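Dear colleague,

I am handing over a structure that you have not worked with before. Please look through it first, and then read the notes that follow.

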Amino acid sequence: MSSSSSSVLFTLIIFSVLFCNSKAAIQVPPNETIPAVIAFGDSIVDPGNNNYLRTIAKCNFPPYGKDFRGKVPTGRFGNGKVPSDLIAEELGIKELVPAYLDPHLQPQDLITGVCFASGASGYDPLTAKLASVLSMSDQLEMFKEYKAKLEGIVVEERTNFILSKSLYLVVAGSDDIANTYFLSHARELEYDVPSYTDLMLDKATTFFKEIYEQGARRIGVLSAPPIGCVPSQRTLAGGIMRQCSAKYNQAAKLFNKKLSASLDSLNRNLPNSKMVYLDVYSPLLDLIENPKKYGFEFANKGCCGTGNIEASILCNPASPTCTDASKYIFWDSYHPTEAAYRTLIPIILQKNFSSFF
């Protein structure tokens, strides 16, 4: 592609992004732009990368996608859109952030952002290994590959602009705590909770530095959620009354405290870094504790099956599902519904959005 034609293409792209942003619910400051949304992490934002892996941690079958356009089970771990989709939509960039491993990706998909996340992954490399999914290191390597592809479409200078101005989402940590530490006990003999959260933080911090070195600047990092209040963890660790598991939540809070401090430190030491701690713990806990305040009816069970233990292959075409998922905070026993995400995302963005500029 000639430099003149690539410049025309780039101008059209930026114009379309700025035009879209003028219509967006969240306003980008004047003279600023967010050309793409790029995501890393676990099943909360995986739009179907696991479809292309040999793993049981996938959901490209009904009833997943029940409320997605065309009722298509895309591999998203829910009934509809996931947070990366909703944030791209909220910013007026595009309706869906596709899976990087989707063989049908088009150049425009790459220019406006893709997702590298893999369901059941985590900051701890062992978490991905246990589930046979993409580790954060694997996702980093795919990001480097993506960067090279982008340079082939819009040349290096434009690529650097897109990478530096894009909004990055990193969503991980819950599988480390719930699965690797507590459920499988794979780390419990070697680490207590404080030292395990130190391990998670060390791996997370390394990852943030690595994507920064590749050109990322605006990096939104979601906190660990109140994992002890997720339906499956209530079933496994909440006793006969299925209460929230205090030890799971305490581990999440401890990690979050360390994560927030680490991001502050990175911002002080890395030029032009805008790494933003996005607290999902508090708003999600409030949603769970006060569902009716937000228009929900069910907070302690998912829409799929009994709602107590089903997730991934346990939530399948043979599972009965609720008639109206919008009344439920959780779709299956682990993942929120699109309605819950639509409630949470504006709260999280409005509180923190200005920190990216």
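The model is a predicted one, in which local features need pLDDT of at least 70 and side-chain atom pairs count only at pLDDT 80 or more, while totals for chains, interfaces and linings use all residues. Residues are numbered from 1 along each chain as its sequence is written, and side-chain values use heavy atoms, with hydrogens and water left out.

Strands β1 (residues 37–41) and β2 (residues 167–171) run parallel and are joined by five bridges; strands (E, at least two residues) and helices (H or I, at least four) are DSSP runs numbered from the N terminus, and two strands pair if DSSP finds at least two bridges between them. Five of the five residues of β1 are buried, so this strand is largely enclosed by the rest of the structure, where buried means under 20% relative accessible area, exposed over 50%, and partly exposed in between (1.4 Å probe, protein chains only). In a regular strand the side chains alternate between the two faces of the sheet. Here Val37, Ala39 and Gly41 point one way from β1, and Ile38 and Phe40 the other way.

**Nonpolar cores**

A nonpolar core is a set of buried Ala, Val, Leu, Ile, Met, Phe, Trp, Tyr and Cys residues joined through side-chain atoms within 4.5 Å. The largest has 98 residues, and Phe40, Tyr146, Val170 and Phe208 are those with the most contacts inside it. Helix α5 (residues 136–165) gives the most to this core, with 10 residues. Apart from it lies another core of 11 residues, among them Phe61, Tyr64, Cys315 and Ala325.

**Cysteines**

Taking a disulfide as a pair of cysteine sulfur atoms within 2.5 Å, the count comes to three disulfides. Cys229 is joined to Cys244 (S to S 2.1 Å); Cys229 lies in the loop between β3 (218–222) and α8 (231–237) and Cys244 in the loop between α8 and α9 (246–269), so the pair ties together parts that are 15 residues apart in sequence. Cys244 is partly exposed, with a relative accessible area of 31%, whereas Cys229 is buried at 1%.

Cys303 is joined to Cys322 (S to S 2.0 Å), and the torsion about their S-S bond is about -100°, so this disulfide is left-handed. Cys304 and Cys315 form a disulfide with sulfur atoms 2.1 Å apart, and a torsion of about 110° makes it right-handed.

With kind regards
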